Amino acid sequence: MRPALFQRQSFRQMLRNLFLVEMHWQHLALLSLFCQTLLPPVAAGKRSESWRQECRSCLECSKENGCLRCSERLFLFLTRDGMSHRGSCLHSCPSGHFGLRAKDLNRCMKCKAPECERCFNKDFCTKCKGGFLLFKGKCFKSCPEGTFPQSTDCVEGCVFGVWSEWSLCQRNGLSCGVRWGQQIRTHEVSSRTPEETEVLCPPQTESRKCRMKKRCPKDKRKNERIEERRKAQKHLKLSPVTEPPWGM
């Protein structure tokens, strides 16, 4: 009797457990159904609020595609949203795009090169993305032959720095005593120029006519004459002396 009673009790306990499991799953199904009926209106409300905010900058807008037409100063920018496009009106186009103004609508158009960050038109870059160098509207990983990198660009030829100050106004070593003299200034190669290119780039010079003091101070003029005599004597000493042919 006892084994049979034990078996009946075990069977009843198993049935009770199965009933509890079934009730648990039913509760979960009801909860899921409740969430499905409650959440869509909330999400739809959020989408509706977002759509209204996006349309504030538009002249014409739709719930499905966003902005369709912008004011004269703004650009229409289209982004892919699944199988459709969604428009927004911007003051300036994002990276990789350029603004194309037209009579009826201003648009943001994509630059042709993917490594181009800014472009004047689809084929001419004005700024490259990181890791690229700009040269004549194109972006390169390394500068073409005959050019060298300078900041974010590739530069060809010599790169010069600023002009030096003008020299003193002089004429044949004199700074006064004559009416007109000459001033000189130089244009040195920039320190950013590579050493191998710097050899091919001699410094540039520029001269201009300048007005001098016609009268020199008495002492200064005397000193300059003495200096001129010394230079002349030194020149005579350094020049070779040739003997006359009849002395040979």
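Residues are numbered from 1 along each chain as its sequence is written, and side-chain values use heavy atoms, with hydrogens and water left out. Because the model is predicted, local features need pLDDT of at least 70 and side-chain atom pairs count only at pLDDT 80 or more, while totals for chains, interfaces and linings use all residues.

**Exercise 1.** Find the handedness of the disulfide of Cys55 and Cys61, and state whether each cysteine is buried or partly exposed.

Solution. 
- Step 1. A disulfide is taken as a pair of cysteine sulfur atoms within 2.5 Å. The sulfur atoms of Cys55 and Cys61 are 1.9 Å apart, and the two residues form a disulfide. A search of the whole structure gives nine disulfides.
- Step 2. The S-S torsion of Cys55 and Cys61 is about -55°, so this disulfide is left-handed.
- Step 3. Buried means under 20% relative accessible area, exposed over 50%, and partly exposed in between (1.4 Å probe, protein chains only). Cys55, at 17%, is buried; Cys61, at 25%, is partly exposed.

**Exercise 2.** Which elements hold Cys128 and Cys139, and which hold Cys143 and Cys154?

Solution. 
- Step 1. Strands (E, at least two residues) and helices (H or I, at least four) are DSSP runs, numbered from the N terminus.
- Step 2. Cys128 and Cys139 form a disulfide with sulfur atoms 2.1 Å apart. The torsion about their S-S bond is about -95°, so the disulfide is left-handed. Cys128 lies in strand 8 (residues 124–128) and Cys139 in strand 10 (residues 138–140), so the pair ties together parts eleven residues apart in sequence.
- Step 3. Cys128 is buried at 11% relative accessibility, and Cys139 is buried at 13%.
- Step 4. Cys143 is joined to Cys154 by a disulfide, S to S 2.1 Å. This pair links distant parts of the chain: Cys143 is in the loop between strand 10 and strand 11 (147–150), and Cys154 is in strand 12 (residues 153–156), eleven residues apart. The link of Cys143 and Cys154 is left-handed, with -90° about the S-S bond.
- Step 5. Cys143 is buried with a relative accessible area of 19%, and Cys154 is buried with 7%.

**Exercise 3.** How many salt bridges does a search of the whole structure find, and where do Glu117 and Lys127 lie?

Solution. 
- Step 1. A salt bridge needs a side-chain nitrogen of Lys or Arg within 4 Å of a carboxyl oxygen of Asp or Glu. The search finds four salt bridges.
- Step 2. One of them pairs Asp123 with Lys112 at 3.9 Å, N to O. Asp123 is in the loop between strand 7 (116–121) and strand 8, and Lys112 is in the loop between strand 6 (107–110) and strand 7, eleven residues apart. Asp123 is partly exposed at 36%, whereas Lys112 is exposed at 63%.
- Step 3. Glu117 forms a salt bridge with Lys127, with closest N and O atoms 3.6 Å apart. Glu117 is in strand 7 and Lys127 in strand 8, ten residues apart. Glu117 is partly exposed at 21%, and Lys127 is partly exposed at 44%.
- Step 4. The side chains of Glu206 and Arg185 meet in a salt bridge at 2.7 Å, N to O. Glu206 lies in strand 15 and Arg185 in strand 14 (residues 180–189), so the pair ties together parts 21 residues apart in sequence.
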